[in-house]
Structure formats: structure tokens, C-alpha cells
Amino acid sequence: MDLKQAQELEGRFMVQTYGRHDVLFVRGHGVRLFDHEGNEYLDMAAGIAVNALGHSDPDMIRTIRDQAWNLVHVSNFFYTRPQIELAEALVKCSFADRVFFTNSGSEANETALKFARKWARRTHGADKNQVVAFTGAFHGRSMGALSLTHKQDYRDPFQPLLTGVHFAEFNDEESASEKITDETCAVFVEPVQGEGGVVPATSLFIQRLRQLCDRHNALLVFDEVQCGLGRTGSLWAHEPYGIAPDIMTLAKPLAGGLPIGVTLVREEVAAVIEKGEHGSTFGGGPVVCAAGKLTLARVKDPQLLQQVRENGQILREALENLPGDAVQDVRGAGLLIGVELSHEVKPLIQAALNHRLVLINAGPKVIRMCPPLTISAHQIEEAVTILSRCIADVWNSH
Ligand SMILES: Cc1ncc(COP(=O)(O)O)c(C=O)c1O
């Protein structure tokens with residue numbers, strides 16, 4: 001199948017939800033991708049912050065292959081080793097006491113929402129059912145997760161959404177204190193907003209959210225689907241804040257590109273969930289959990305985390321030093337960096353692709369840099385050099 005055929009067939013047989021670039025990828029290796037004609041690309045997106053260990057990591061391939069050879073699926077009516085081992089590994093390196101496995105970030109947030117509702121109902125009564133989320137937030141596309149997602153374009157076509165969700169201003173303590181009340185059961189926040197433009201929460205804001213949740217007996221939920229698991233240079237994005245949540249959700253990078261979601265909870269939350277109240281056919285399957293164990297072991301390695309911090313700094317400085325006045329702001333943490341430009345970035349992303357550099361945006365004017373965590377300083381330099389050339393090309397032709 002070549003690109004033209006792929007476009008024709010996709011246009012004929014698939015629901016048209018995705019705006020796609022004119023590229024047909026067939027292979028990946030490390031931070032490189034290859035299209036159907038053998039052209040080589042440098043990947044500064046890693047899916048959307050997914051391929052933390054890069055493409056076709058040999059250990060990952062071996063792990064998936066070996067597990068598939070032995071057992072791909074049995075229902076959750078039975079015990080399987082990788083699931084239990086990954087649960088133990090996640091609990092041992094986090095605030096959490098227990099975990100629930102799903103298949104995506106949206107589902108991990110749906111689970112958090114359901115658990116928070118049940119916890120509040122059981123401990124404080126049925127009226128404690130309101131939820132607070134923030135402007136710029138992205139928590140997923142399923143109905144519950146979408147109800148917590150702020151962007152009107154994503155929400156409006158599917159109204160009515162879940163009632164009882166209130167949006168406070170992100171990084172605004174006063175706005176949060178107005179919205180969080182005794183009726184609030186949970187407050188959902190991304191320690192670093194991803195889709196919202198790569199915006200880190202301030203320390204003060206996260207501290208205030210913890211205080212407000214404690215004061216009003218609400219659960220603090222950190223959505224680390226995008227920013228967690230080493231991406232920001234610490235295993236958990238919330239670590240530098242010195243604040244622990246009651247629930248945390250993970251997904252994207254955990255299973256090396258295979259679908260997984262996890263909701264990590266404290267014992268008091270887990271304790272209210274009874275057998276049969278929640279479940280998933282595929283959640284916690286042997287193959288994804290074997291892959292998850294490997295990813296977790298690799299991304300919590302202090303050496304890798306230090307490399308993420310150092311290379312993040314190199315990337316940041318290189319971006320700050322881009323010539324011209326197109327760059328308005330560079331922000332983020334570790335290898336999750338947003339570059340805000342003075343113009344819409346769509347033509348820039350296309351120009352970069354023409355120069356075999358894969359970039360993604362986070363909103364109309366922000367380029368989101370989230371390469372594999374294994375990227376080298378040399379490859380970062382290569383990416384920024386191409387970007388610099390593309391900025392000059394696109395802006396000069398404006
Ligand atoms: C912070 C955050 N939460 C949730 C999601 C939803 O995850 P998924 O697309 O796996 O459902 C995303 C996806 O981009 C995300 O960035």
C-alpha cells in the first residue's frame with residue numbers, strides 16, 4: 001500500500017475524525033521514523049508523548065514477544081503474573097496503595113471520576129458529587145473525561161455532558177477557592193498541562209489545591225497521563241511540588257506504545273469499591289503489563305531521569321536562543337517543552353515535516369516538544385537546527 005492508496009482507503013472506510021499529514025509511516029527505530037519510501041524522519045513527538053523508550057527498543061520487542069508467546073489474554077476472573085507485578089511496582093514507587101488497570105488515559109480518568117463519586121457518596125453522602133477541573137485542561141474524550149476537558153470545540157457537539165463539573169482558572173488560587181466547596185468530591189488537575197499549551201502549574205497553586213481539598217474533604221486527582229513517568233525529569237511530575245494526590249492517572253508511555261491506563265489510589269478510596277462495581281475486559285492484560293513493567297523500570301532509573309533533565313535544559317536553551325522574534329515563550333519541564341510562537345504553527349509543522357522533522361502542536365500557537373526520553377543532545381541539536389531553518393522559511397514567506 002502506498003500513500004495515495006492509504007489516503008483513498010482511509011477516506012472511504014474510516015470515520016473522518018483525524019486531520020492527517022501526507023505521510024505513511026512503516027517503521028521506527030530509536031528517535032527515527034521511516035516512511036513507505038524509506039525517507040528518514042527525526043521524531044520530536046513520540047506519538048503524543050508515548051514512545052518514551054523510542055521506537056523498536058530491543059528490550060521492549062523481546063518483552064512483548066516473549067509474553068505474547070506465553071499468554072496474550074485471559075479474563076480478569078483469573079490471576080496473571082504481569083498484572084500483579086506491575087501493580088506492585090507502581091505502588092512501591094508512588095504515593096498509592098492500590099491500582100486499577102484500564103486501556104487509555106480517558107478510561108483512567110473515567111475510573112478516577114467513578115471512584116471519587118463512590119468514595120464521596122459512601123463517606124459523606126449523595127450530595128457530595130461535584131467536580132472541579134481547570135481552564136485549559138484536557139482529560140480525554142469519553143463522556144466523563146470530556147466533561148472535565150475545557151475546550152468548547154471538543155465539548156459542544158456532544159452536549160449535554162456530565163452535570164456538576166465546574167471550571168476554575170488554571171494557576172489562579174482565588175478562582176480555585178471559589179469553586180471548591182463542601183459539595184466537591186474531586187479536583188482534577190494536570191501538574192503540567194499538555195494539550196492546553198504545555199503550561200506547568202505553579203507551586204503555590206498545587207499547594208493551595210491540596211489545602212482546599214483537605215479543608216473541604218475532596219480528593220485531589222493528578223492527571224499524569226501526559227506529564228508522568230519520567231517525562232518532566234522526575235518519575236512523577238508532581239514530585240518537585242512536594243505534594244501528593246489522593247488519586248493519579250497514568251497512560252500514554254507506560255506500555256511502550258501499547259494501550260494501557262492506570263488509576264492509582266490511596267487505600268481509603270480503594271476501600272469503598274466493591275467487587276463487580278467496576279471492570280474492564282482488556283484492562284491489565286498480560287502483554288501490556290509486561291511492557292509496563294519494563295517501561296517503569298527504565299524510566300525510574302535515576303540515570304535516565306538525570307539525562308531527561310540535562311537534555312531538557314539543552315533543548316530549552318537552544319529554543320530560547322532561536323534567532324528572530326518569532327518565539328514568544330519557552331516553557332515546560334524536562335522533555336515536555338512548549339514553544340509559543342507569534343503566528344499559528346500549522347505551516348511550521350508542515351515545513352518541518354518537509355524537512356523530515358516530526359513536530360506536534362498544543363493549541364494554535366504552541367509547538368510541543370516531547371521526543372523519546374532516550375534522545376541524545378546531538379539529536380536535540382539536529383532538531384532545533386531544522387526548526388530554526390523552518391521558522392526562517394515560513395516567516396520570511398509571510
Ligand atoms: C493529560 C491527559 N489526560 C488524558 C488524556 C486522554 O488519554 P487517551 O487519549 O489515552 O484517552 C490525554 C491525551 O492526550 C492527556 O494528555
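A: The protein is divided into domain 1 (3–56 + 302–396) and domain 2 (71–299), with bounds from an automatic or database domain assignment. Keep in mind that this is a predicted model: local features need pLDDT of at least 70, side-chain atom pairs count only at pLDDT 80 or more, and totals for chains, interfaces and linings use all residues. Residues are numbered from 1 along each chain as its sequence is written.

Now for how the domains meet. The C-alpha centres of domain 1 and domain 2 are 27 Å apart. Where they touch, domain 1 puts in 26 residues and domain 2 puts in 24 (contact means C-beta atoms, placed from the backbone, within 7 Å).

Let's stay on domain 1's side of that contact. Helix 12 gives the most, with five residues. By class, this side of domain 1 splits into 16 nonpolar, seven polar and three charged residues (Ala, Val, Leu, Ile, Met, Phe, Trp, Tyr, Cys and Pro are nonpolar; Asp, Glu, Lys and Arg are charged; the others, Gly among them, are polar).

Here's another contact to look at: P347, L348, A351 and A352 in helix 13 meet I386, L387, C390, I391, D393 and V394 in helix 14. That helix contact has nine nonpolar residues, no polar ones and one charged.

Conventions:
Contact = placed C-beta atoms within 7 Å. Helix = DSSP H or I, 4+ residues; strand = E, 2+ residues; numbered from the N terminus.
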